[in-house]
Amino acid sequence: MQNRKTLSFETLKNDKLFVVAIALSLGLVILFHLASAWFGYPLYRDIHLGAAVDYAQNGIDLWRPVIIGFTANGAPTPQEFPLWQAWAALFIQLFGGWLGAANIASLLIFLLCLYPMYRIGRLEFDLKIALWVLLAVILQPMVFVTGGRASTEILGFFSSIVFIWTSLEYWKNPRWLWLPLMVAGAVLAALVKAPFLFSVGATAAIYLVLQWRWEPKLWLVLVVTGIFSLFLFFLWTRHT
């Protein structure tokens, strides 16, 4: 069993440089996206931001995913479950129609990724390496861009991180309270961005092979979670 010492002020007294570096890096991500949006150059994907704008103007309907300009009659169009679009629409309404609000919506989701990312590192290594993991992920170019881009990928990233985190928590300390979060992460990844589910599913399977290849209970949980997530994914694709 790994040392599960939690992150606290006492444990960080000798790692202030890491804390400062993480804070500055996180501030850089936030400043970059907010400044880009403020000066009229926000990062976004038009099919996702367009749906968010439509929801903000015409009302949120999760069962009616839309791609602006894709159909002449406004019929639902096949795409991922529009949860990010609905979330961003709330911020666009809150900020009076400013499109940069969608970048703020994504940044808030990115902030929710920080603790799970830290826990993933902490479950495997000591505190200093866990902080290195957090810093490295924040500064990874794709994460830097995706963290505040007005796009559903950040929600897929969040769900993937939650799935890996809760899977590790469950495997190292099998308590049933982790299972709902594990399943929720897998289902959200499948519905929001299916490739994320296949990616983290493969990661989890490889990890089990390396660490607990002869633990049928853990394999059963992983397989059942994957099948259930794919079942909901196929139900959604049938709807759209």
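Visitor: Against which elements do the buried residues of α4 pack?
Guide: This is a predicted model, in which local features need pLDDT of at least 70, side-chain atom pairs count only at pLDDT 80 or more, and totals for chains, interfaces and linings use all residues. Residues are numbered from 1 along each chain as its sequence is written, and side-chain values use heavy atoms, with hydrogens and water left out. Buried means under 20% relative accessible area, exposed over 50% and partly exposed in between (1.4 Å probe, protein chains only), while contact means heavy atoms within 4.5 Å. The buried residues of α4 include W84 and F91, and the buried residues of this helix pack against α3 (46-58), α5 (101-112) and α9.

Visitor: What distance does helix α4 reach from its first C-alpha to its last?
Guide: Helices (H or I, at least four residues) and strands (E, at least two) are DSSP runs numbered from the N terminus, and the expected span of a helix is 1.5 Å times one less than its number of residues. For the 12 residues of α4 (residues 83-94), 16 Å is expected, close to the reach of 17 Å.

Visitor: How many residues of α5 are buried?
Guide: The buried residues of α5 include N103, L107 and F110. The helix is mostly covered, and of its 12 residues the buried ones number nine.

Visitor: Which element gives the most to the lining of the largest pocket?
Guide: On a 1 Å grid over the protein atoms alone, a pocket is an open set of points with protein on both sides within 12 Å along at least five of seven lines, and lining residues have an atom within 4 Å of a point. The lining has 17 residues, with S160, I164, S199, V200 and T203 nearest the centre of the pocket. Two or more residues each come from α6 (114-124), α9 (153-172) and α11 (194-211). With eight residues, the element that gives the most is α11.

Visitor: Why does the pair of Y170 and W176 count as tilted?
Guide: Rings of Phe, Tyr and Trp (its six-membered ring) pair if their centres lie within 6.5 Å; planes under 30 degrees apart count as stacked, over 60 as edge-to-face and the rest as tilted. The search of the whole structure finds 16 aromatic pairs. The centres of the Y170 and W176 rings are 6.2 Å apart and their planes stand at 55 degrees, so the pair is tilted.

Methods. On a 1 Å grid over the protein atoms alone, a cavity is a set of points where a 1.4 Å probe fits but cannot get out, and a pocket is an open set with protein on both sides within 12 Å along at least five of seven lines; lining residues have an atom within 4 Å of a point.
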